[in-house]
2 protein chains.
Amino acid sequence: MTVIPDDLKAALIAAAHAAADVARVETLAYFRRSDLEAATKEDHRFDPVTEADRAAERAMRAVLARLRPEDAILGEEYGRSEGTSGLTWVLDPIDGTRGYISGTPVWGVLVSVAGPDGHPLFGLIDQPYIGERFAGGLGVAEVTGPLGRQTLACRAARPLSGATLFTTFPEVGTPADAGAFARVSRAARLTRYGADCYAYALVAAGQIDLVIEAGLQPYDIHAPIAVIEAAGGLVTDWQGGPARDGGRVLAAANAAIHGEAMALLNA
Amino acid sequence: MTVIPDDLKAALIAAAHAAADVARVETLAYFRRSDLEAATKEDHRFDPVTEADRAAERAMRAVLARLRPEDAILGEEYGRSEGTSGLTWVLDPIDGTRGYISGTPVWGVLVSVAGPDGHPLFGLIDQPYIGERFAGGLGVAEVTGPLGRQTLACRAARPLSGATLFTTFPEVGTPADAGAFARVSRAARLTRYGADCYAYALVAAGQIDLVIEAGLQPYDIHAPIAVIEAAGGLVTDWQGGPARDGGRVLAAANAAIHGEAMALLNA
């Protein structure tokens, strides 16, 4: 990867925060409103898309069009816009729409920027209701929120038998995926559900050891990759390859527990 | 129930807030610390008890001893202290210790006070990290937090097929309990996991329709009963009787969905 000049780093970091700032306003404008109605996007699965989702992505795109007009954008709601710089912004205005329409504080705004090789360079996981933002990449690894500013650092290695594992749904993915997940879950000390993108932030914050999910889209995982890698962790697919195209994802605090989990996923 | 004078109401509400305030400080002092170690309280189940849990209950007991010296106290960590007033404070310093040691923002401090008949008169569900407090009873039904002060009001009736259901663990309780839960879950639009006491707050805030759990202790459910009843909802056991002794609990936004869920639980 080519070296990125400091002024470009600063511009990318500033643009990411500016995009997350406007998404925070748009998502909070609808959060916990009693008249919020969710539409069903797919026939086979309940996946609500809200006005907040669309409004937040439009606002982020407007910010990036102004600050980074030559970059491409891939967003959950409005697809791909081409660019000429080789850089691509990847946006998920509300990751965890089911958590959002239920009023929980574990959905998030995901903003990241990928280099010419497609790998995330910098990412933000923002939780607007808490006012908490996890940032990673380009030399940054920090969270700002109710406890102030803190450095992000993944946990040191511990055996899987003492580890905490998160996923969003107990069903995970296909029945085979669920079986693979269950092998890891049975070996872990504690399994928790329902945290959406917040689970990846907890890996980066050194609070938990593993997140295992299936059926992800690229915009679900780009920002978590940047934040977790910056904190010293790893995010791959279940075979140890790149996770940036989504699908089946294994996020780990360190290489030791990543290996232990991957062996059970593929047993 | 006898009429409660206004000055006693005000004193009880003030004491509850004072107790929750000190618990907030104690629980946050340990939250997300990397050196936090959890002990295993029971052999058959992972149920960590932290120093924060104990410190928070001690602090609340000290506040109540000063402000309400004649009331009894029942706390998760230090058991029962007798009183002479007929009123009993019920305290859970950290409800959701597994969520707490994982760094999530859905654990809570539960503070409530029960009358001579044992039913909760007033309760608080406090989330210290978010800085959010749900209060209900004695004429109060409100949340204060990131969006300011808002009135709590449960949702109007909607069919179970359009409803959102929460529980903490997919296993729920015994295999028979889990089977009963699954009947409701299959009929609901959306089932979410892992929210601990925050799920009850979301019923009171009009965001979700149902919470179903099993194996609860009295200190897990007293404050949620007060908050949800104040917001217009119901909390009973799975047979429709009082839930204040814990066990199997059904919290509902309104009588219609309560009846629909109870029929399936007992089918």
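Across the interface of chain B and chain A, four salt bridges are found. A salt bridge here is a side-chain nitrogen of Lys or Arg within 4 Å of a carboxyl oxygen of Asp or Glu. One pairing between the chains joins the side chains of Asp196(B) and Arg192(A), with N to O at 2.9 Å. Several elements of chain B give two or more residues to the side that touches chain A. They are helix H3 (97-101), strand E8 (132-137), strand E11 (164-167), strand E12 (190-193) and helix H5 (198-204). Helices (H or I, at least four residues) and strands (E, at least two) are DSSP runs, numbered from the N terminus. The residues on this side of chain B divide into 19 nonpolar, nine polar and seven charged. In this grouping Ala, Val, Leu, Ile, Met, Phe, Trp, Tyr, Cys and Pro are nonpolar, Asp, Glu, Lys and Arg are charged, and the others, Gly among them, are polar.

The model is predicted: local features need pLDDT of at least 70, side-chain atom pairs count only at pLDDT 80 or more, and totals for chains, interfaces and linings use all residues. Residues are numbered from 1 along each chain as its sequence is written, chains are lettered from A and ligands numbered from 1 in the order in which they are written, and side-chain values use heavy atoms, with hydrogens and water left out. The predictor gives the complex an ipTM of 0.92 and a pTM of 0.94. The mean pLDDT of chain A is 92. In that chain, 93% of residues reach 70 or more. pLDDT is the predictor's confidence in each residue, from 0 to 100. Over residues 37-48 of chain A it stays under 50. For this stretch the model has 27 contacts beyond four places in sequence. Contact means heavy atoms within 4.5 Å.

The interface takes 35 residues from chain B and 35 residues from chain A. The size of an interface is often given as the accessible area lost when the parts come together. Between chain B and chain A the buried area is about 3100 Å². Carbon and sulfur atoms give 57% of it. Buried area is the accessible area (1.4 Å probe) that two parts lose on being put together, summed over both. Twelve residue pairs, both at pLDDT 80 or more, are in polar contact between the two chains. Such a contact is a pair of N or O atoms within 3.5 Å; within protein, one must be able to donate a hydrogen and the other to accept it, and residues adjacent in sequence count only if both atoms are side-chain atoms.

Arg192(B) lies in strand E12 of chain B. Beyond four places in sequence, Arg192(B) touches residues including Arg98(A), Phe169(A), Asp196(A), Leu165(B) and Phe166(B). Arg192(B) counts as buried because its relative accessibility is 2%. Buried means under 20% relative accessible area, exposed over 50%, and partly exposed in between (1.4 Å probe, protein chains only).

Over all chains, the structure holds 24 salt bridges. Asp126(A) pairs with Arg133(A), their closest N and O atoms being 2.6 Å apart. Asp126(A) is buried, at 0% relative accessible area. Arg133(A) is buried too, at 6%. Both belong to a network of salt bridges that links Asp21(A), Arg24(A), Asp126(A) and Arg133(A). In chain B, the side chains of Arg68(B) and Asp71(B) meet in a salt bridge of 2.7 Å, N to O. Arg68(B) is buried at 15%, and Asp71(B) is buried at 6%.

Glu51(A) and Arg54(A) form a salt bridge, with the closest N and O atoms 3.0 Å apart. Both lie in helix H2 (residues 51-67) of chain A, three residues apart, about one turn of the helix. Glu51(A) is partly exposed, at 37% relative accessibility. Arg54(A) is also partly exposed, at 28%.

Two further positions lie in chain B. His258(B) sits in helix H7 (residues 255-265). His258(B) is buried, with a relative accessible area of 7%. Beyond four places in sequence, its contacts are Leu234(B), Thr236(B), Gly240(B), Leu250(B) and Ala252(B). Gly241(B) is found in the loop between strand E14 (234-237) and strand E15 (247-252). Gly241(B) counts as buried because its relative accessible area is 19%.
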